[in-house]
Structure formats: C-alpha cells, structure tokens
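Visitor: I would like to learn how to read a model of this kind, feature by feature. Could we go through it together, with the general idea before each case?

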Amino acid sequence: MEYASFEEVAAAFDESALDLDYSKRDLDASYDASSATVITLSFDSTSVQGAGAQASAAGVVISSAGTYIVSGELTDGQLLVDAGDDDKVQLVLAGAIIHNEDGAAIYVRNADKCFVTLAWMRGRRTICPTGRRMRWKMIPTNRTPRCSASAT
C-alpha cells in the first residue's frame, strides 16, 4: 500500500501493535564478559572471537542473540545487527570508535530488541560518528557513569 500524505500514514497507524513495556532485563545494563563475543575493530578490518558475528568487508554482521563487546576503531564501516525476530542483542561499546561515511555506524536491521551499553573505561571514549560526527562518551559522575552525546 502506498500513502500520499503523512495524514494518511498517521490514520492507518496501529499503535496497539507496539510493545512499549520494559522488562527487568530491558532495564539491566549489566553483562557477563566471560560469555560474550568479542569484536575487535582495527581501522579497516575486524576480528571476531566467539559465536553470532562475522567480520565482513563492510565491518561486522551480528546474526544471533547474545552479548557483543566491541572495542577498537573502524575508519569506514558499519556494525550491522541482522538477527532473528525473537533475538535480543546487547552491544557493549568499550572504547569503540566507528565511522561510516555513507550511513549509520550502527544499524539494527532486525532483532526483537537491541541494547546498547556504553562501557566506562578510564581514559577511553566511545564514538559512533556518522557523516555528521555524532560522538558518544562516558563521563564519570560521583562514581556512577552517565552517557553524554553531542553532534559536531
């Protein structure tokens, strides 16, 4: 079906189909590093240790549920989440710097839910810029890290 206007799209939208409830897991940012898949970015290449993800020419493709710890720098690529409809994916950005000149640095094509956790590491920052240079970083505040985002 093709719509001619925003008003037609809004009139046809079924908000009852949305699941806006949060579970306890949704609100829990903790993760088990010992069972996670480790993704190491190295400028124009990547390596993956563990299951559920594959290095590709364009970056990394995550195809199944799990926790993925991402570190290093990718100069022009993408972290693509293309998991199953019932899969829950947790991305732990641990000092990762990801730049994609042509689109999103992190693209969630499909998953039930995708959690993004910014892991606080002293002296490191996590950046996921697009062509607009969006920066994310952790700022320690009274021993409790908080997230900060800014576009430049």
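Visitor: Which backbone oxygen lies 2.9 Å from a polar atom of the side chain of Gln78?

Guide: Please keep in mind that this is a predicted model, in which local features need pLDDT of at least 70 and side-chain atom pairs count only at pLDDT 80 or more, while totals for chains, interfaces and linings use all residues. Residues are numbered from 1 along each chain as its sequence is written, and side-chain values use heavy atoms, with hydrogens and water left out. A polar contact is a pair of N or O atoms within 3.5 Å; within protein, one must be able to donate a hydrogen and the other to accept it, and residues adjacent in sequence count only if both atoms are side-chain atoms. In this case the backbone oxygen belongs to Ala104, at 2.9 Å from a polar atom of the Gln78 side chain.

Visitor: What else does Gln78 touch, not counting residues up to four places away in sequence?

Guide: Contact here means heavy atoms within 4.5 Å. By that criterion Gln78 touches Ala58, Gly59, Val60, Asn100, Ala104, Ala105 and Tyr107, with residues up to four places away in sequence not counted. Gln78 is found in strand β6, where it is the bridge partner of Gly59.

Visitor: Which strands form an open sheet, and in what order?

Guide: Strands of a sheet pair through backbone hydrogen bonds, either parallel or antiparallel. For the assignment, two strands pair if DSSP finds at least two bridges between them. Here four strands form an open sheet in the order β3-β4-β6-β9, with mixed pairing. At its edges stand β3 and β9 (106-110), each with a single partner strand, so one side of each is left without a neighbour in the sheet. Neighbouring strands of this sheet are turned by 20° against each other on average, direction ignored, where the axes are lines fitted to C-alpha atoms, for helices over the stretch in contact, and angles run from 0 to 180 degrees between N-to-C directions.

Visitor: How many bridges join β3 to β4, and do these strands run parallel or antiparallel?

Guide: Strand β3 (residues 53-56) and strand β4 (residues 59-62) run antiparallel and are joined by four bridges; they form a hairpin with two residues between them, and Ser56 has Gly59 as its bridge partner in β4. Four bridges also join β4 to strand β6 (residues 78-82), but these two run parallel, with Val60 opposite Leu79. From β6 the sheet continues to β9 through four bridges, again in parallel, and there Leu80 has Tyr107 as its bridge partner.

Visitor: Which residues touch the most other members of the largest nonpolar core?

Guide: In soluble globular proteins, nonpolar side chains tend to be buried together. A nonpolar core is defined as a set of buried Ala, Val, Leu, Ile, Met, Phe, Trp, Tyr and Cys residues joined through side-chain atoms within 4.5 Å. The largest one has 18 residues, of which Ile39, Ile62 and Leu79 touch the most other members; the elements giving two or more residues to this core are β1, β4, β5, β6 and β7 (88-93). A second, separate core of five residues includes Ile69, Val92, Ala94 and Ala119. Beyond four places in sequence, the contacts of Ile39 include Val60, Ile62, Ile69 and Leu79.

Terms used
Buried means under 20% relative accessible area, exposed over 50%, partly exposed in between (1.4 Å probe, protein chains only).
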